[in-house]
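Let's look at how protein chains meet each other. Have the structure open while you read.

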Amino acid sequence: MPWRLLRFALSNKHPEPRMFTRHDTLKPAYDVVIIGGGGHGLAAAYYLARDHGITNVCVLEKGYLGGGNTGRNTTIIRSNYLTPEGVKFYDESVRLWQDLSTDFDLNLFYSNRGHFTLAHTDAALRTSRWRAEVNKHFGIESEVVGPEAVKKAAPMIDLSCGGHAPILGALYHAPGAVARHDAVAWGYGRGADLRGVEIHQRTEVLGIDVVGGKVTGVRTNRGNIATGKVLCAVAGSTPRVLDMVGIRSPIYVHPLQAMVSEPVKPWLDPILVSGSLHVYISQSARGELVMGASLDPYEVQSTRSTFDFPEGLSAHMLDMFPFLSNVKVMRQWAGMADMTPDFAPIMGRTPVEGFYLDGGWGTWGFKATPVCGKTMSYTVANDRNHDLITGFTLDRFRNFELTGEKGAASVGH
Amino acid sequence: MTCPVNGPRAISEFAYGGEIRPMPDPTTCSDDAWADYVFNRNGSPGVKREWWCHTPSNTWFVAERDTARDVIVRTYLYAGDS
Amino acid sequence: MSAIAFENVSRTPRAGVKGPGAAAWIAALDLPVPRAPNSWLPLPGGLIARLGLTEFLVEGSEAAKLAAPLSPGVYPVLRQDTALVLHGARLNELLLETCSVDFRALNLSTRPVVLTSMAGVGVTVIPGEGGGMPCCRIWCDSTYGEWFVETLTGVAGELEQPGHPCNQGVTA
């Protein structure tokens, strides 16, 4: 046994520095309080400290770091969206992803795979062409390909999908990638921690004080904090936090379920998504097949799983890949998706001064983690919405100016 | 879930119709009130009154459901104007 | 011989009405009205079923009576169903495999009608018994008809395989 490990095991105190500094108490005041210790909240903390020099910041997390949707998604990263606002925003995110491992000095297992959105109907093919044209206009690699290209990239596929839904073509997006999602939260968290940001886990926000339309403090189960700026990055809990400051929003919460199979030998390189069959699938570095489907059909604010889900998803998966019939499902889980009517997020300043929102991330939030951190830290630091997020503000609903991403945000809609 | 007409059935036989929300009069209400009705939702957990439909019989009814625990409290036919 | 016999009776005449005035209108046509929701009554050469609270289905020669002029609160329902009669010793196993309702638990003397989903298709079912064996009538939307029949026949075929768990300890 290496001496270092033995010393570590025998010592009462940890002789090695921990990943994160432990803070026993909350300070009475911070410049910025970030609610939510997932990827988005920690990224905002990281860029606040690194790019804006604001380090008197605390991140409050009810559970543990990355235990929400950051650790529950299917880790897909892409930028082939439908609206100019969406495309520019997600493209910046993909750019940031590519050198994040170096930035953190932590391996995120960022793995460029290529991403196929399969079209089984003329309507889906039409949306694919539309997306490809918008994408190319903004310089993003995105093109419509025929079924033979799909077969070449994934030779095991049944192009007729059991005869029910023959594949007519696909939108191919070469930069599509996967990454290890929990490492993203740890990377941003450690980077923020090293720069003086305090991360408090198991700290639940009970209320937010607003005086004269302005944020003055946050009440938690571990004491009260005075602050003038609060950033809310809590995914499926967003409506609950908005209730604390009296803001109405169009967000509705449905669970999104996912599952992984037992590990198998590498056979699937690209990421495949099918809107008609309501499935997406990729193979992780460990060999597990990571699979997801569309949202649960009704509102639930918990992360319960159902038996209907693996049953339905497996049936569709077998339409695409009949040879998987003997592969076992190993785990299933759910995340709470904070959905919006136009399938675009809600970001930026709000009617309450000093309260900033990074929510409405529904089923499309993981890929946006870096750019959300960048743009929200800018917005919080300057009290001005970053140029990239002006299409995503809360008042777009009141003004009937929606940013329609439904055709590109997820499957099965 | 128990359909008030057809009895207890698997949840897969039902379709969710959203929370019951009163509609403001579109000819007299302000644009803000109308936008609030069109878009805004009560997204926090709690016991809510919702529309559900038993799809094989096309029976619409009301379910009171705890959306935090996904537990149905009771179901009944809508008693309002029909 | 097959353990479950399928008979396609889609061509039997049938007609439907619904609406708050439907029950009174049917009674005025000298047809018997099933009192309880989701129950049925026999007719000469057919039957009348009450689907839910205010919808009626008449099948057989009496269906022609529903061509009478409608009164207020009565609306016609287009019935272009695929209709099947299933009969056989293995029928309950077929129903259990494709549907979440346990038909064996129903009291047949109350003449129940069951609206449910079978193999993912919305169906109306009247369970019964004939010659000591279970039988049932099933109606479904005809656009699903071909697929539905194919699926049920497929499952019925599987039930007859010697290796099927249902066949262990059972003599044909």
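Predicted model: local features only at pLDDT ≥ 70, side-chain atom pairs only at ≥ 80, totals over all residues.

Residues are numbered from 1 along each chain as its sequence is written, chains are lettered from A in the order in which they are written, and side-chain values use heavy atoms, with hydrogens and water left out.

**Who touches whom**
- Two pairs of chains are in contact (heavy atoms within 4.5 Å), and chains A and B share the most contacts.
- Chain A puts 22 residues into its contact with chain B, and chain B puts in 22 residues.
- Chains A and C have no contact, and their closest C-alpha atoms lie 11 Å apart.

**Buried area**
- Chains A and B bury about 1800 Å² between them, counted as the accessible area (1.4 Å probe) that two parts lose on being put together, summed over both.
- Carbon and sulfur atoms give 53% of that area.
- On the chain A side, Arg248(A), Tyr298(A) and Glu299(A) lose the most area to chain B, together 33% of what that side buries.

**Salt bridges**
- The rule (a side-chain nitrogen of Lys or Arg within 4 Å of a carboxyl oxygen of Asp or Glu) finds four salt bridges across the interface of chain A and chain B.
- Arg398(A) and Asp32(B) form a salt bridge through their side chains, at 3.8 Å from N to O.
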